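Please open the model in your viewer and keep the selection panel at hand. The stops below proceed from one selection to the next.

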Amino acid sequence: MESGQPRTSPWEEMIPGLPDDVAVECFLRLPYTAHSSACRISRSWSSLLQSRRFYSFRRSLHRSRPLACLVQQSPPSSTDDPISKPASPAMNSSPPDGPVQSYSVSVFDPGSLSWTRVPPIPDFPDGLPLFCQLASTDGKLLVLGGWDPATYAPLRRVYLHDFITRKWQRRADMPGTRTFFAAAGADGGRVFVAGGHDECKNALSTAWAYDVGRDEWEEMEEMSQERDECEGAILGEGREFWVVSGYRTERQGQFEGSADVYEIGEGGRARRRRRVEGAWEEGKCPRGGVGFGGVTEAGVQVGRCGVVVGGRAVLVGSEYQGGKQSFFVGDRNGDGKLGKLVKVEVPDEFSGFVQSGCSIEV
């Protein structure tokens, strides 16, 4: 830089004595696991690493890391502390028989085949809300809804986890109570929810969008029908929110083959909606299978959970009906189809049952 000219870099003097471009290159090379430590060095470093502009810059240079976040049964903390524990059912709920399992968020890196675990939500130190949904946008992970694990009361709560600071934040509640709904996050800081059922088990046709930056909910156009136990996914190269299958109140458990599709416009805002027939196999639950077509590859029965992670897919299932849960990774080709699935070894502490999941880039 020539003497006397103003410095225009948004990352000015991040590392004293180094040119701006060299300093930025240093930060770009930091693995995401080191960001929380770097944030404690100075306010300027923290501001840089948490900025949306820096996140977008990392992604544009392919320096971000695609990961799978899984709602997974937690291991016992000791031999005297079993995973299962009793809970008291609440009014207007239908808890399952027997003890409740404790769940946490596991993070799997399909590139390095490494595993980590997200710290617990402070409000729920003993386990996630039961049947909560995960979604991600712009490197942030959100936990939405579910049942209180102690009372089985349905929750409207929303929590956001920042992988940079490794901290949780309580955000604006969902506008209404819903369980077993579709959820997915898109680029632009938006998360979409649709369908599910209310406290009286009435299937819902309403849909909402959550703006992470503003911490606000906005109602979207109602779907063409009620959709309980539907599945949500961002498809169409990130430009469409699909709400797939589900069933109506009077057709409990009879999954339909149609879908409602919302076009995602500028800034992640949902625009036009259309109905698509034949999007799913009628009578089959869509949970964990949208984007994979209910994959059966090389004798592997997949259907418990499937997460698209960058150019790969992480699949959890069994090699035969009723068999032990296994983990598989497969590459996706240009048309989105899966190549050969490879079974991966998993540490014992991360071998628990997987209920659901989502992908995230950090």
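Begin by selecting Tyr-152, a buried residue with a relative accessible area of 2%; buried means under 20% relative accessible area, exposed over 50%, and partly exposed in between, with a 1.4 Å probe and protein chains only. The model is a predicted one, in which local features need pLDDT of at least 70 and side-chain atom pairs count only at pLDDT 80 or more, while totals for chains, interfaces and linings use all residues. Residues are numbered from 1 along each chain as its sequence is written, and side-chain values use heavy atoms, with hydrogens and water left out.

**Aromatic pairs**

Rings of Phe, Tyr and Trp (its six-membered ring) pair if their centres lie within 6.5 Å; planes under 30 degrees apart count as stacked, over 60 as edge-to-face, and the rest as tilted. By this rule there are 13 aromatic pairs.

Next, select Phe-241 and Tyr-262. Their ring centres are 6.2 Å apart and their planes stand at 25°, so the pair is stacked. The pair links distant parts of the chain, since Phe-241 lies in strand β13 (residues 240-244) and Tyr-262 in strand β14 (residues 259-264), 21 residues apart. Helices (H or I, at least four residues) and strands (E, at least two) are DSSP runs, numbered from the N terminus. Phe-241 is buried at 0% relative accessibility, and Tyr-262 is buried with a relative accessible area of 1%.

To finish with the rings, display Phe-108, Trp-115, Phe-327 and Phe-350, which form one aromatic cluster.

**A buried arginine**

Move to Arg-227, in the loop between β11 (216-219) and β12 (231-235). Is Arg-227 buried or exposed? Arg-227 is buried, its relative accessible area being 0%. Show Ser-258 as well: its side chain makes a polar contact of 3.0 Å with the side chain of Arg-227. A polar contact is a pair of N or O atoms within 3.5 Å; within protein, one must be able to donate a hydrogen and the other to accept it, and residues adjacent in sequence count only if both atoms are side-chain atoms. Leaving aside residues up to four places away in sequence, Arg-227 touches several others, including Gly-195, Leu-204, Tyr-247, Asp-260 and Arg-275; contact means heavy atoms within 4.5 Å.

**Helix α4**

Select residues 52-60, helix α4, and colour its buried residues: Phe-54, Tyr-55 and Arg-58. Seen down the axis of α4, these fall within an arc of 105°, so they line one face of the helix; the arc is that of the directions from the helix axis to the C-beta atoms. Among the elements that cover them are α1 (20-28), α2 (35-39), α3 (43-50) and β21 (354-361). After α4 comes His-62, whose phi is positive, near 60°.

**Cysteines and the whole chain**

Two further selections are Cys-26, partly exposed with a relative accessible area of 38%, and Cys-285, partly exposed at 32% relative accessibility. The structure holds zero disulfides, a disulfide being a pair of cysteine sulfur atoms within 2.5 Å.

Finally, display the entire protein chain, which has four helices and 21 strands. Of its 362 residues, 48% count as buried. Among contacts between residues at least 6 apart in sequence, 52% join residues at least 24 apart.
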